[in-house]
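Please read it with the sequence and the structure open.

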Amino acid sequence: MENKIPFAIQTSTGAIVSVDQVERGLQCGCRCPSCNGRLVARKGEKYEHCFAHHDGSSDDCELAFETSVRLMLLSKLDALQIISTPAHSILFENQLKLVTPEHPKIAVRSVSQACSHNAPAGLFQLVNKQDWFLALHFPAVNDPDSPAWLEQFIEQHPNTGVLSVRYSNFGKHLYGDQRPQGMDTTTWLITILSQQNDCLGWIYHPGEAQVLQKWQVEADKWLAEQLEHERQEIKRREQNRLAREEERQRHIEIVQLRKRHLQERSQQ
């Protein structure tokens with residue numbers, strides 16, 4: 001996707017713009033948001049409109065697509081009204097277990113944060129469950145998904161799920177055939193974020209602790225049942241062993257008694 005760039009930095013204003021907003025060719029006056037190289041706006045009739053590197057600057061620029069998507073999404077977060085969350089599974093006792101299934105088209109509203117430092121870029125309240133929130137993390141390209149502020153944020157916001165945006169997955173949707181006729185690129189980008197849950201990944205789900213506790217109780221119960229079963233089996237085997245031993249002793253006594261009878265008869 002590095003040679004198909006949907007958004008760019010307009011040199012005259014410093015703003016992030018879509019290819020729909022500028023003139024064709026070098027008249028777009030835009031630069032790459034990743035490498036700062038000059039871009040050309042390709043706006044033909046046959047192929048998708050996009051920016052591309054004008055010269056050899058593309059040779060060393062591998063992150064233009066992801067960087068441009070990140071910057072445009074960050075500039076349009078207030079427009080997000082729907083979030084579709086993916087399924088979430090975690091590893092428990094060497095088994096991948098489902099925490100929550102996917103939930104399409106959750107109605108949300110953007111809410112302000114008391115502090116923007118050490119916090120996610122976007123915080124959204126669920127319209128139908130106003131005690132619950134979703135936070136969107138927009139990692140710098142190639143940075144790890146788990147941010148340094150995550151642990152402290154979870155402690156302060158126990159009812160907030162945190163999702164990380166996966167920029168690379170936007171390409172197949174942006175340049176696919178599902179785009180509605182006449183929809184501009186920026187609106188289509190926000191629509192993709194709203195509806196395509198493969199563009200998001202959980203880095204924290206508020207239900208994890210509860211389901212982990214539930215699974216642990218179930219696992220402890222199963223283990224206790226297994227131990228009790230083993231104890232009963234050992235007890236049964238011991239009882240059978242003792243019964244066999246008693247039977248063997250009775251058999252020995254009978255044999256010895258018969259021998260004595262035979263000896264007595266022989267002596268007589």
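Helices (H or I, at least four residues) and strands (E, at least two) are DSSP runs, numbered from the N terminus. By that count Lys 105 is found in strand 9. The model is predicted. Its largest pocket has a volume of about 420 Å³, its largest nonpolar core holds 32 residues, and a search of the whole structure finds 8 salt bridges.

**Largest pocket**

- The lining of this pocket is made up of 18 residues. Nearest the centre of the pocket are His 103, Leu 126, Lys 129, Trp 132 and His 205.
- Strand 9 (103-110) and strand 11 (133-137) each supply at least two residues of the lining of the largest pocket. Strand 9 gives the most, with 3 residues.
- Sorted by class, the lining of the largest pocket has 9 nonpolar, 8 polar and 1 charged residues.

**Second largest pocket**

- The second largest pocket holds about 330 Å³ of space. It is lined by 15 residues, and Asp 20, His 49, Arg 179, Met 183 and Thr 185 are the closest to its centre.
- The lining of the second largest pocket consists of 6 nonpolar, 5 polar and 4 charged residues.

**Nonpolar cores**

- In soluble globular proteins, nonpolar side chains tend to be buried together.
- Which members of the largest nonpolar core touch the most other members? They are Val 69, Leu 73, Ile 83, Leu 136, Phe 170, Leu 174 and Leu 189.
- Two or more residues of this core come from each of helix 1 (64-75), strand 9, strand 10 (122-126), strand 11, strand 12 (160-165), helix 4 (185-195) and strand 13 (200-204). Helix 4 gives the most to the core, with 5 residues.
- Leaving aside residues up to four places away in sequence, Leu 73 touches Phe 138, Val 165, Phe 170, Leu 189, Ile 190 and Leu 193.
- Another core lies apart from the largest one and has 13 residues, among them Val 19, Cys 28, Ala 41 and Cys 61.

- Side chains of opposite charge can pair when their charged atoms come close.
- Asp 20 and Arg 179 form a salt bridge through their side chains, at 4.0 Å from N to O.
- What does the pair of Asp 20 and Arg 179 tie together? Asp 20 is in the loop between strand 2 (16-18) and strand 3 (30-31), and Arg 179 is in the loop between helix 3 (171-174) and helix 4, so the bridge joins parts that are 159 residues apart in sequence.
- Asp 20 is partly exposed, with a relative accessible area of 31%. Arg 179 also counts as partly exposed, at 31% relative accessibility.
- Both partners are among the residues closest to the centre of the second largest pocket.

- Arg 231 and Glu 228 meet in a salt bridge of 2.8 Å, N to O. The two residues are 3 residues apart in helix 5 (residues 208-267), so about one helical turn separates them.
- Arg 231 is partly exposed at 44% relative accessibility, and Glu 228 is partly exposed at 35%.
- Glu 233 forms a salt bridge with Arg 237, and their closest N and O atoms are 3.2 Å apart. Both residues lie in helix 5, 4 residues apart, about one turn of the helix.
- Arg 237 is exposed, with a relative accessible area of 52%.
- A network of salt bridges links Glu 233, Arg 236 and Arg 237.

**Single residues**

- Asn 36 has a positive phi of about 70° although it is not a glycine. This residue sits in the loop between strand 3 and strand 4 (39-42).
- Lys 105 is another residue other than glycine with a positive phi, near 50°. Is Lys 105 buried or exposed? With a relative accessible area of 54%, Lys 105 is exposed, because exposed means over 50%.
- Thr 186 is found in helix 4. Its relative accessible area is 10%, so Thr 186 is buried, the cut-off for buried being under 20%.
- Not counting residues up to four places away in sequence, Thr 186 touches Phe 7, Ser 18, Asp 20, Gln 21, Met 72 and Lys 76. One of these, Asp 20, is the salt-bridge partner of Arg 179.

Conventions. Residues numbered from 1 in each chain as written. Predicted model: local features only at pLDDT ≥ 70, side-chain atom pairs only at ≥ 80, totals over all residues. Heavy atoms only, no water. 1 Å grid on protein atoms, 1.4 Å probe; cavity = no way out; pocket = protein on both sides within 12 Å on 5 of 7 lines; lining within 4 Å. Points joined across faces, edges and corners; volume = space filled by probe spheres on them. Nonpolar A, V, L, I, M, F, W, Y, C, P; charged D, E, K, R; others polar. Core = buried A, V, L, I, M, F, W, Y, C linked by side-chain atoms within 4.5 Å. Buried < 20%, exposed > 50% of the residue type's maximum accessible area, 1.4 Å probe, protein only. Contact = heavy atoms within 4.5 Å.
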